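Please read them with the structure open.

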Amino acid sequence: MTIKYQKVGDILLVKKDLTGDEINYLINKTKCKTILKYNYINGDMRKPKVKLLYGTETETIHKEHGCLFKIDVSKVMWSMGNIEERKRMAYISNSDETVVDMFAGIGYFTIPMAKYSKPKKIYAIEINPDSYHYMVENIKLNKLTNVVPILSDNRDVALKNIADRVIMGYVLKTRFFLDKAFEFLKEGKICTIHYHDTLAEKIMNTEPINEIKKYAEKYEYNILSHEIHKVKKYAPGVWHIVVDAELIKY
Ligand code: SAM
């Protein structure tokens with residue numbers, strides 16, 4: 001029997017309804033406590049739409065790259081496709097930096113970065129109270145002391161001129177948050193923005209960096225360098241990418 005599934009902690013996520021035989025097969029194979037049909041991720045807060053196929057518990061602890069992520073998969077999203085990016089973010093900062101994670105979720109990037117790069121401080125901002133609740137749990141679970149969780153719309157956070165690095169882990173509307181990202185950046189130092197977006201292959205190498213350039217000019221920054229990384233395939237011919245842009249104010 002071949003049934004596609006993703007395993008988050010001891011919960012399985014599947015894309016279609018299953019027969020009783022298929023459910024029994026998966027229980028025996030994976031020893032899971034719950035099976036959920038995962039339909040889609042909805043709205044700005046990325047809330048999943050799910051249907052219980054087996055079991056009742058939707059909260060679990062997922063272990064990835066030595067980090068623990070407590071999550072209720074019926075309330076907040078988990079993207080298996082972003083696994084390599086979470087690992088990349090783990091080692092990209094250092095102990096001299098202050099970081100702002102503008103779309104922190106349950107700590108997808110914040111937790112591995114805080115644990116392995118050990119920046120001085122990560123301000124981890126999240127608007128969805130369910131995600132924020134799990135981020136706070138995950139900071140405790142991973143015994144981190146360098147994360148400041150903030151429950152807010154990032155545009156309402158009154159921090160300025162503080163960040164060596166800004167993570168913009170959000171897609172589709174990312175450009176509308178660039179004003180705020182530049183406000184967070186530290187003046188007089190080389191800073192980095194990690195700008196995520198989903199784009200058609202033929203414009204993914206030009207469109208996002210042109211967008212960042214517009215704001216760099218507006219806020220009087222030079223772009224010193226930029227790299228574009230593929231995170232995952234998003235749809236046919238469309239990629240989730242991240243631009244790492246190094247900037248300095250002139
Ligand atoms: N960075 C994660 C990853 O790649 O796995 C994905 C995070 S998820 C796509 C985006 C998160 O941003 C959601 O948890 C959502 O609630 C949060 N969010 C959306 N708009 C926001 C805002 N204006 N301020 C703060 N958080 C916001």
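1. Among the 21 residues around the ligand, those that come nearest are Asn82, Phe109, Glu126, Asp153 and Asn154, where a residue counts as near if one of its heavy atoms lies within 4 Å of the molecule. By class, this shell divides into nine nonpolar, seven polar and five charged residues; Ala, Val, Leu, Ile, Met, Phe, Trp, Tyr, Cys and Pro are counted as nonpolar, Asp, Glu, Lys and Arg as charged, and the others, Gly among them, as polar.

2. The model is predicted, with local features requiring pLDDT of at least 70 and side-chain atom pairs pLDDT 80 or more, whereas totals for chains, interfaces and linings use all residues. Residues are numbered from 1 along each chain as its sequence is written, and side-chain values use heavy atoms, with hydrogens and water left out.

3. An N or O atom in the side chain of Asn82 is 2.8 Å from an oxygen atom of the ligand, a polar side-chain atom of Asp153 lies 3.1 Å from a ligand nitrogen atom, and a backbone N or O atom of Gly169 lies 3.3 Å from a nitrogen atom of the ligand. The protein buries 96% of the 600 Å² that the ligand exposes when taken alone (accessible areas by the Shrake-Rupley method with a 1.4 Å probe).

4. The ligand sits in the largest pocket, in the sense that more than half of its atoms lie within 2 Å of the pocket's grid points. A pocket is an open set of points on a 1 Å grid over the protein atoms alone, with protein on both sides within 12 Å along at least five of seven lines; a cavity is a set where a 1.4 Å probe fits but cannot get out, and lining residues have an atom within 4 Å of a point.

5. The largest pocket has a volume of about 1,300 Å³, the volume being the space filled by probe spheres set on the points, which are joined across faces, edges and corners. Of its 46 lining residues, Ile41, Arg46, Met77, Ser79 and Lys232 are the closest to its centre. Strand E3 gives the largest share of the lining, four residues (strands are DSSP E runs of at least two residues, helices H or I runs of at least four, numbered from the N terminus).

6. One cavity of 30 Å³ or more is found in the whole structure, and the largest cavity holds about 40 Å³ of space. Helix H2 (residues 83–90) gives the most to its lining, with four residues.

Key
A polar contact is a pair of N or O atoms within 3.5 Å; within protein, one must be able to donate a hydrogen and the other to accept it, and residues adjacent in sequence count only if both atoms are side-chain atoms.
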